[in-house]
Amino acid sequence: MRVIVAKNAAEVGKRAAGIIAATVNREPSCVLGLATGGTPLDAYRELIRRHKEEGLDFSRVTTFNLDEYVGLPPTHPQSYRYFMQTNLFDHLNIVPANTHVPDGRSLNFETHCRQYEHRIADAGGIDLQLLGVGSDGHIAFNEPGSSLGSRTRLKTLTRETVEANARFFGSIDKVPRLAITMGVGTILETKRCLLLAVGEHKAAAVQATVEGPVSAQVTASALQLHQEVIVILDEAAARRLERRAYYDDVEQAQTLLEEGRFQELGIGNQS
Ligand code: F6R
């Protein structure tokens with residue numbers, strides 16, 4: 001895992017948007033995996049700015065979102081489809097038919113989840129998957145205990161998640177108890193992952209994700225098995241990392257390589 005620590009949340013968003021934009025510029029018909037929640041909002045705002053001010057072109061991009069509540073129509077203000085429309089899609093030149101979010105109205109769960117996986121495969125797989133992490137270490141709605149080989153499926157939310165979400169729904173009785181979510185196995189098949197975390201309340205989950213044992217109790221830790229993961233954190237979320245100095249050294253070496261400052265890396269100094 002490549003761990004980048006940025007100054008603050010706004011910088012995390014800018015770095016993440018920079019990586020997404022570079023992917024879109026390099027491969028205009030790329031497939032992006034997207035997340036909802038508070039964490040990616042700064043990155044989405046920056047992508048919108050780059051589209052409006054710099055002409056970043058999404059006309060050939062395809063997207064797949066990680067998850068959706070079961071029982072909510074796309075027009076419900078708490079549905080993840082609504083979130084994506086209002087916070088990103090409505091402000092870009094993306095083709096609506098190329099944006100995919102699991103359908104919270106579908107009761108034919110197995111078929112719908114199988115089709116979602118097929119659509120991802122038909123699109124050629126996900127080139128870059130954006131992820132947040134829950135304070136219990138979940139990715140997408142893969143709650144603690146989820147199989148690390150899981151595929152897109154129906155998932156029962158934990159009581160903690162339901163209680164945490166009650167504030168958005170006005171009352172706990174209105175909070176959906178089920179979600180459709182990409183599985184950990186689905187996420188591990190993506191070509192590149194970009195995991196973002198911001199704030200002190202994520203510090204323990206980040207430490208367990210990056211440095212803890214791979215465990216179904218912290219589903220984000222499965223990313224240690226992924227071929228290419230970039231983790232971007234603010235200082236608060238990075239606070240508990242034990243190997244922080246090494247991550248900073250790696251970033252510094254990367255910068256020197258990119259700038260061609262080989263002597264400072266000890267290359268070509270030997271007689
Ligand atoms: C959202 C998702 C979740 C969130 C996670 C963090 O699509 O899959 O796993 O990324 O719960 O949420 P925030 O960003 O609100 O802290």
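**Close-up views of the ligand site and the nonpolar cores**

View 1. A backbone N or O atom of Ala 140 sits 2.8 Å from an oxygen atom of the ligand, a polar contact (a pair of N or O atoms within 3.5 Å). Gly 38 also brings a backbone N or O atom to 2.9 Å from a ligand oxygen. With Asp 67 it is a side-chain N or O atom that lies 2.7 Å from an oxygen atom of the ligand. The protein covers 83% of the 410 Å² of accessible area that the ligand has on its own (Shrake-Rupley method, 1.4 Å probe).

This is a predicted model, in which local features need pLDDT of at least 70, side-chain atom pairs count only at pLDDT 80 or more, and totals for chains, interfaces and linings use all residues. Residues are numbered from 1 along each chain as its sequence is written, and side-chain values use heavy atoms, leaving out hydrogens and water.

**View 2. The largest nonpolar core.** Here you meet 31 residues, and Leu 32, Leu 47, Phe 58, Leu 88, Leu 194 and Ile 232 have the most contacts inside this core. Such a core joins buried Ala, Val, Leu, Ile, Met, Phe, Trp, Tyr and Cys residues through side-chain atoms within 4.5 Å, where buried means under 20% relative accessible area (1.4 Å probe, protein chains only). Elements giving two or more residues include helix H1 (9–26) and strand E9 (193–197); H1 gives the most, with 7 residues.

**View 3. Around Leu 194.** Beyond its neighbours within four places in sequence, Leu 194 is in contact with residues including Ala 16, Ile 19, Leu 130 and Ile 232 (heavy atoms within 4.5 Å).

Terms used. Buried < 20%, exposed > 50% of the residue type's maximum accessible area, 1.4 Å probe, protein only. Helix = DSSP H or I, 4+ residues; strand = E, 2+ residues; numbered from the N terminus. Polar contact = N/O pair within 3.5 Å; in protein donor to acceptor, adjacent residues only side chain to side chain.
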